[in-house]
Amino acid sequence: GETGMEEGRVSAFADVILAGEVDIFVQTPAGQVHVATVGPPHLVGELGAIAATPRSATVVAKNPLSVLRIQRDSLMSLTREHPPIGVAIIAELGQRLHGMNRSLAYLTYAANALGRDEYDPEMLQELLRQPGELANFARAFANMAAELEAKQRRRDEMQAAATIQNSILPRPLVREGALAAIDLHAEMHPAREIGGDFYDYFLLDDDRLAVTVADVSGKGIPAALFMAVSRTVLRGGERGEDMAADMASANRLLATENAAAMFVTAFHGVLDLKTGVLRFCNAGHNPPYLLRAGGGRETLKATGIPFGVDEDMPYRIAETRLGSGDTLFLYSDGITEAFNPAAEEFGTARLEAALDAGAGKEAAALVADVLAATAGFAAGAEQSDDITALALVYRGQPSFRP
């Protein structure tokens, strides 16, 4: 445990190890790193002793140690009187340099191959078979390379999962036929590669459009899996004949055998494209905004608790009507709960101000304005939650007279 030589300090001696072993450490920004353990008849500190330069490493006794300590003057005298001693020291240094150059060449080759995604652990097998500190270094590099490869595989898998998740989101609607009555735009931006938010819209028949925005509890892969299940359950269970029964059935499916105790808040509405009547179930989700064409805004309150909590929970269905030019804005709490570097929350008031400023705009422009306001407020702070926004502007059917 005693320190024989200390990195950075100048000391005018070298040690020949006669018995015992020493550990050699090098200081790095992350702390001391063990680079080697050596025993007899190893000579340590000869370069610092001859050149009178600061020590390049710290030497610590690993166990009871006996050394022959040679002061610089004595070492210089010995090399003058007995040239073979000097030659032996130079040969030792040359052998170390040769081994280091060869090892660095292997490691550089392996590092370049790793960068090209062509790394093979066999590249370092010769180094790993060598004794001493270079094998330790090669082993550390091999472990690092294996971890990097594993992280790259996980990153590739996450990117593939993100692609799959994006693929299940609906494509933009073609505004023709009955769909000419609306202007709809939606975006989802996960906090990680994949997220638990989703939006969905699809025609139930020629005149009715189902619209959903939902937010699964949690983040990452578990949330993404539950999101996919929730989306399938809500879309597959929507028959439109009895909306309350459909919502209760969806909740029952999500709550049954829910070992992970996950839940999903969701706003699910069915819009009659001819009349503008919107029937909806708000399962514990952020109240959407209804922006009236003539000014003013309303919120659509919750009609039940989140799906997946209680399998026997009934769900009430509410109803409102959109007039020509009215806008329905759905969102997830990733917007209102966005934080700036000062840990301030974006909040409802800022969202409402952005909606007021965007009143009367097309759906895509309104969504862009809200997302821009959120990003501007966050000012580069890390996104803490998934962000989803959907705007639906009802234009009405030209032939319809209420």
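View 1. Arg350, Leu351, Ala354 and Leu355 of helix α9 touch Leu366, Val370, Ala373 and Phe377 of helix α10, a contact being heavy atoms within 4.5 Å. By class, that makes 7 nonpolar residues, no polar ones and 1 charged; Ala, Val, Leu, Ile, Met, Phe, Trp, Tyr, Cys and Pro count as nonpolar, Asp, Glu, Lys and Arg as charged, and the others, Gly among them, as polar. Helices here are DSSP runs of H or I with at least four residues, strands are E runs of at least two, and both are numbered from the N terminus.

**View 2. The geometry of the α9/α10 pair.** Two packed helices are described by the angle and the distance between their axes. For α9 (residues 347–357) and α10 (residues 363–378), the axes come within 9 Å and cross at roughly 140 degrees. Those axes are lines fitted to C-alpha atoms over the stretch in contact, with angles from 0 to 180 degrees between N-to-C directions. The two helices are therefore oblique to each other (under 35 degrees is roughly parallel, over 145 roughly antiparallel, 65 to 115 roughly perpendicular, and the rest oblique). Their crossing is right-handed, with the near helix turned clockwise from the far one by less than a right angle.

**View 3. The largest nonpolar core, with 49 residues.** Ile182, Leu209, Phe307, Leu390 and Leu392 have the most contacts inside this core. Strand β10 (residues 208–216) supplies its largest share, 6 residues. Apart from it lies another core, of 20 residues, and Leu355, Leu366, Val367 and Phe377 are among them. A nonpolar core is a set of buried Ala, Val, Leu, Ile, Met, Phe, Trp, Tyr and Cys residues joined through side-chain atoms within 4.5 Å. Buried means under 20% relative accessible area with a 1.4 Å probe, protein chains only.

**View 4. Around Leu234 and Phe307.** Leu234 sits in helix α6 (residues 220–237), and at 3% relative accessibility it counts as buried. Leaving out residues up to four places away in sequence, Leu234 touches Phe198, Thr212, Met247, Ala250, Ala266 and Phe307. Leu234 and Met247 are 13 residues apart in sequence and 7.7 Å apart in space, C-alpha to C-alpha.

**Notes on all views.** Residues are numbered from 1 along each chain as its sequence is written, and side-chain values use heavy atoms, without hydrogens or water. In this predicted model, local features need pLDDT of at least 70 and side-chain atom pairs count only at pLDDT 80 or more, while totals for chains, interfaces and linings use all residues.

Notes: Buried < 20%, exposed > 50% of the residue type's maximum accessible area, 1.4 Å probe, protein only.
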